[in-house]
Amino acid sequence: MNSIGLIIKREYIRRVRKKSFVLLTFLTPLLMIALIFVPLWLSSIKSSEIFQVSVIDETGKYVSLFKDVDNYRFFDGKASVPASQDEVKEVFATLKITDDLLEHPEAAALYSHKQIPEALSRTVNETLRKQIESDKIASYQIPRLEEIIRESQIRFQVQTIKLSEDGSESQSSVSLAYAIGILFTMTIYMFIIMYGSMVMQGVSEEKTNRIVEIMVSSVRPFDLMMGKIIGIGLVGLTQLFLWGILTMVGFTVIGLFFGAGADAAVAMQQGGAATAGEMGEWMAKLQSFNFSEILFLFVVYFFGGYLLYASLFAAIGSVIDHPEDAQQFMTPVILILAFALYAGIYSIENPDGPLAFWCSMIPFTSPVVMMMRIPYEIPLWQTLLSVFLLFASAVGLTWISAKIYRIGILIYGKKPNLKEIVRWLSFK
């Protein structure tokens, strides 16, 4: 047991001291924040250039509908005759309407020497659509029909109320449950692949460099494998914890930098009571989720799923001599994880359905699928059974992988087939 502790310490310290670990740990949250805020910031920067759009309306019915918006200025192409050739070149696009669009929708076309921007296309389409819709309503010749239709357009969403055992009520949210499930599901999926592959790569490198021959002279192969698996797993948890802290700090700093607090204060002073009410409603919905339970089970399923797959990756790393040989062994494992991810996503529609239930019990899919189901508060017996099956399978697979590892780690220059690997399991 002492040797396992030494290997865990060696793997952990060696990896957290790497420059790649430090860079990845600090740069990843920055990149995530940049991917969110930079596009928002760039989209808020408006171009000062004004584009001229000529409207040639043969019917005279639609030209007055177009008003100047953002970077586009509309003018009557029939009434405004260009004074020179330069003014003709300044026209960015020309909208030509030759007939009544209610009867002939194809009678409108937008011409330009360049690709039409989405903003201009959306403005033209929306303006004409509203007029055509109004003309269609008027064609029925029913008094106040347009007003009746407008009043009948009601947005409705039923409230979701969560009842506790003592009868108290609290607001809940289907969309929040979906978002929380997706977040934790994707996190476990990515980390199992990332750190499981790291275990396989580490085993393969030590085998290729013959370092393992020296190590197994003083450490049992099982201790070596378990120490490597646990050490790298602790590295993953450390990195995940640091990512969470840095991301929260980054979002706070960015929010203060962009004046989010000031905007909120101004909104409140200017009658932003509705906004404050919405924020309070969202906070109430968040409180309906038991985040301590979700985080605890996340760690449990992360560790159980990682132990299951990492032992499998360690066995794969011990039987290959070259990184390119890992592809044929890795493909079935990646396919299983991909199936687990899709099963988890489809389980959102019915968290208690047969697909969700059985994939929650199968150890190879339960770490991913269960994180999608947990926000929906599944029965306790299902959670306990799923955790038991996961860790029992992880221990069993670790035992099998250790048998493969202790022989495969010392074999060089030969790629064993499946029959030979199965035969290794009978060795004592």
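Which element gives the largest share of the lining of the largest pocket? The close-ups below come from a predicted model, in which local features need pLDDT of at least 70, side-chain atom pairs count only at pLDDT 80 or more, and totals for chains, interfaces and linings use all residues. Residues are numbered from 1 along each chain as its sequence is written, and side-chain values use heavy atoms, with hydrogens and water left out.

**View 1. Lining of the largest pocket.** The answer is α6, with 11 residues. In total 29 residues line this pocket, and L183, F184, T187, L240 and G244 lie nearest its centre. α2 (19-44), α6, α8 and α11 each give two or more residues to the lining. By class the lining has 25 nonpolar, 4 polar and no charged residues.

**View 2. The largest nonpolar core.** This core has 55 residues, and I188, V199, I229, Y301 and M371 have the most contacts inside it. A nonpolar core is a set of buried Ala, Val, Leu, Ile, Met, Phe, Trp, Tyr and Cys residues joined through side-chain atoms within 4.5 Å; buried means under 20% relative accessible area (1.4 Å probe, protein chains only). Elements giving two or more residues to the core include α1 (2-16), α6 (174-208), α8 (221-257) and α11 (291-319). The largest share, 13 residues, comes from α11.

**View 3. Surroundings of V199.** Leaving aside neighbours within four places in sequence, V199 is in contact (heavy atoms within 4.5 Å) with K228, I229, I232, Y306, A310 and A314.

Definitions and conventions. Buried means under 20% relative accessible area, exposed over 50%, partly exposed in between (1.4 Å probe, protein chains only). Helices (H or I, at least four residues) and strands (E, at least two) are DSSP runs, numbered from the N terminus. On a 1 Å grid over the protein atoms alone, a cavity is a set of points where a 1.4 Å probe fits but cannot get out, and a pocket is an open set with protein on both sides within 12 Å along at least five of seven lines; lining residues have an atom within 4 Å of a point. Ala, Val, Leu, Ile, Met, Phe, Trp, Tyr, Cys and Pro count as nonpolar, Asp, Glu, Lys and Arg as charged, and the others, Gly among them, as polar.
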